[in-house]
Amino acid sequence: MITRIFTLFLSLIVFTPAFAKKKADRKVIKQLQADVTFLASDGLEGRRTGTDGEHKAADYIEKRYKEENIAGYKGQYRYPFHFIYGKEVGAGTQVLINSVAVKIGDDAFPLPFSAGKHVSGDVLPEVMEQGNIWLISLYADQDQASNPHFEWEKSAFERSREAQKQGASGVIFFDSYGSKVPPDFNKHSELEQLDIPVVLLTNKCYQEYVKQPESGSQKGFSMDVNVVVNKVERTGTNLAAYVDNHAPYTVILGAHYDHLGYGEDGNSLFANAGKEHQVHHGADDNASGTAAVLQLAQWVKKTGKKLGHYNYLFLNFSGEELGLYGSKNFVKEQGIDSAHIAYMINMDMVGRLNDTTRFLELGGVGTSPAWGDVVAMGADFKLKLDSSGVGPSDHTSFYNVGIPVLFFFTGQHMDYHKPSDKAEQVNYAGESEVLNYVKEVVSTMDKANVKPRFTATKQTATGGKRSYKVSLGIMPDYSFQDGGVRVDGVTDNKPAMKAGIQKGDIITSLGEIPVKGMQSYMEALGKLSPGDKTQVTIIRDGKEMKLPVEMNK
Ligand SMILES: [Zn+2]
């Protein structure tokens with residue numbers, strides 16, 4: 001009998017928590033669905049950073065924290081931030097042809113990489129001399145003009161840069177073919193600023209003012225150009241809630257809540273973007289992660305002292321879709337650093353668990369030896385592991401300041417960045433399973449009560465068709481546009497680290513090449529070979545320094 005009672009007792013221990021968990025999950029699933037359904041509803045218009053839709057989402061998240069009695073971080077929930085995103089043609093831009101002002105936009109406009117400067121003089125077709133304004137055809141021929149894949153802006157940039165090197169005082173491009181998709185001012189151009197003004201004349205303007213007679217001599221004309229290109233400042237709002245256990249270290253659980261709006265920022269994958277005005281609902285991306293953070297906050301609060309070895313900071317980022325602006329800003333402005341933060345977990349797109357494949361991507365597993373055990377806990381899933389701390393979401397901002405990170409992601413799908421990423425497509429039961437996994441990680445880490453050790457991971461190359469023989473080993477800050485390349489992080493044991501380059505330094509030249517931005521930085525790298533010894537010029541705290549650097553063999 002004793003044996004039997006013992007067995008019963010044992011099975012009670014085994015089964016009771018499992019049964020209780022099931023019941024709790026139903027509540028979790030219901031709440032996840034309610035949160036995602038609201039955040040992905042039409043009324044929120046795709047939660048684009050800085051819009052009414054984003055504000056409504058922020059209101060909702062704040063309300064949910066308050067309902068669960070979870071305090072704001074440092075006494076507040078909302079953390080607005082400003083960032084530079086894109087450029088615009090400034091007032092004061094003027095183009096005169098033979099003293100006649102043409103219409104900015106319809107007739108002529110500066111290219112985004114143009115210097116904000118004034119230039120005037122005679123424009124002589126086919127005369128390309130130092131000190132002159134150069135006149136260049138945008139397209140080589142009709143074929144190029146009608147090829148939608150021709151990267152006219154990049155081509156114009158390369159040719160302008162060459163013209164600048166050869167002493168042109170300005171460059172005027174013209175569209176003589178009247179391309180089907182007329183060139184337009186690209187607000188999101190990431191090409192670096194040149195030192196000379198560059199203006200494009202549309203086909204309409206070309207026909208009216210520039211076109212030369214079929215026969216007879218080529219005639220010149222005079223131009224007076226004043227270019228103003230402004231940077232566009234935008235504002236987003238992060239949210240932060242906090243469970244303070246008066247512990248020495250804090251754990252960060254985060255997810256972005258912004259999405260694409262109607263696709264105005266050019267990051268939509270909807271085939272009819274630009275023609276059809278449709279809400280991009282962003283249910284999986286990333287209402288799912290937002291709802292997950294709210295669930296975790298609720299769970300941490302309710303669990304109380306059993307999760308008392310750390311403080312818990314819950315973050316909802318905005319500006320992610322535009323380039324991790326919210327998380328970067330929060331890390332910087334709130335002084336988030338590796339001395340006080342134990343680790344960070346990011347959830348971006350956790351709502352599409354496939355019940356058959358059970359695929360789950362786990363990123364950042366190389367950022368701490370502690371994550372070895374975490375992988376073992378994921379036996380319920382078919383895990384795809386990515387060791388890198390750098391990835392396409394907000395954990396990158398924390399990894400870059402030396403914090404161990406984990407990134408949960410249930411995988412790509414057909415509705416990614418399209419209006420069809422809707423609430424009814426989300427697998428809420430699946431998401432609650434992912435949440436259980438995250439909770440297990442959080443509880444295990446809290447019990448262990450040891451701050452996980454940080455390890456730097458290999459940088460996976462991001463984009464770019466060219467491969468370089470050498471690398472400096474820096475993570476550039478792509479949002480920096482004030483001349484030079486600002487270092488967002490340095491990789492262990494690479495030339496930059498050995499040379500003493502630090503996060504925050506601005507590289508202004510490498511070898512012989514002045515560095516104005518990413519393009520000239522890449523050009524400078526392309527000129528170096530493994531083993532080369534050269535010099536890198538940086539600005540640190542406003543002071544210029546020259547550091548010897550040896551490229552890796
Ligand atoms: Zn996205």
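User: A residue is buried if 20 or more other C-beta atoms lie within 10 Å of its own, exposed if 12 or fewer, and partly exposed in between, with C-beta atoms placed from the backbone. Is Phe185 buried, exposed or partly exposed?

Analyst: Phe185 counts as partly exposed, because it has 17 C-beta neighbours inside 10 Å. This is a predicted model, where local features need pLDDT of at least 70 and side-chain atom pairs count only at pLDDT 80 or more, while totals for chains, interfaces and linings use all residues. Residues are numbered from 1 along each chain as its sequence is written.

User: Where does Phe185 lie?

Analyst: Phe185 is in the loop between β8 and β9. Helices (H or I, at least four residues) and strands (E, at least two) are DSSP runs numbered from the N terminus.

User: And what is Phe185 in contact with?

Analyst: Contact means C-beta atoms, placed from the backbone, within 7 Å. Leaving out neighbours within four places in sequence, Phe185 is in contact with Val89, Phe109 and Pro112. Phe185 and Leu111 are 74 residues apart in sequence, yet their C-alpha atoms are 6.3 Å apart.

User: Which sheet has β8 and β9 in it?

Analyst: An open sheet of four strands, in the order β5-β9-β8-β7, with mixed pairing. Two strands pair if DSSP finds at least two bridges between them. The edges are β5 (108–110) and β7 (133–137), each of which pairs on one side only. From one strand to the next the twist averages 25°.

User: How many bridges does β8 make with β7?

Analyst: Five, in the parallel sense. Ile136 has Phe173 in β8 as its bridge partner. On the other pairing, β8 (residues 170–174) and β9 (residues 198–201) are joined in the parallel sense by four bridges. Val171 is opposite Val198 in β9, and Phe174 has Leu201 in β9 as its bridge partner.

User: Why is β8 called largely enclosed?

Analyst: Five of the five residues of β8 are buried, so the rest of the structure largely encloses the strand. Gly170, Ile172 and Phe174 point one way, and Val171 and Phe173 point the other way.

User: Which helix lies across β7, β8 and β9?

Analyst: Helix α4 (residues 152–165), which runs at about 150° to β8. Helix α5 (residues 203–210) lies across β5, β8 and β9, at about 85° to β9. Axes are lines fitted to C-alpha atoms, for helices over the stretch in contact, and angles run from 0 to 180 degrees between N-to-C directions.

User: Now the core. Which residues touch the most other members?

Analyst: A nonpolar core is a set of buried Ala, Val, Leu, Ile, Met, Phe, Trp, Tyr and Cys residues joined through C-beta atoms within 7 Å. In the largest one, with 87 residues, the answer is Ala240, Ala241, Phe314 and Phe408. Helix α6 (residues 283–303) supplies the largest share of this core, 10 residues. A second, separate core of 36 residues includes Val119, Trp134, Phe157 and Tyr206.

User: What does Ala240 contact beyond four places in sequence?

Analyst: Gly72, Tyr73, Tyr77, Tyr79, Leu313, Phe314 and Leu315.

User: What are the domains?

Analyst: The bounds come from an automatic or database domain assignment. That assignment gives domain 1 (2–84 + 234–448), domain 2 (92–227) and domain 3 (474–550). The C-alpha centres of domain 1 and domain 2 are 48 Å apart.

User: And the chain overall, how many helices and strands?

Analyst: The protein chain has 12 helices and 23 strands. Its C-alpha trace spans about 115 × 55 × 45 Å along the principal axes. Of its 553 residues, 43% count as buried. Among contacts between residues at least 6 apart in sequence, 77% join residues at least 24 apart.

User: Last one. What follows α10?

Analyst: Asn449, with a positive phi near 55°.

Notes: Contact = placed C-beta atoms within 7 Å.
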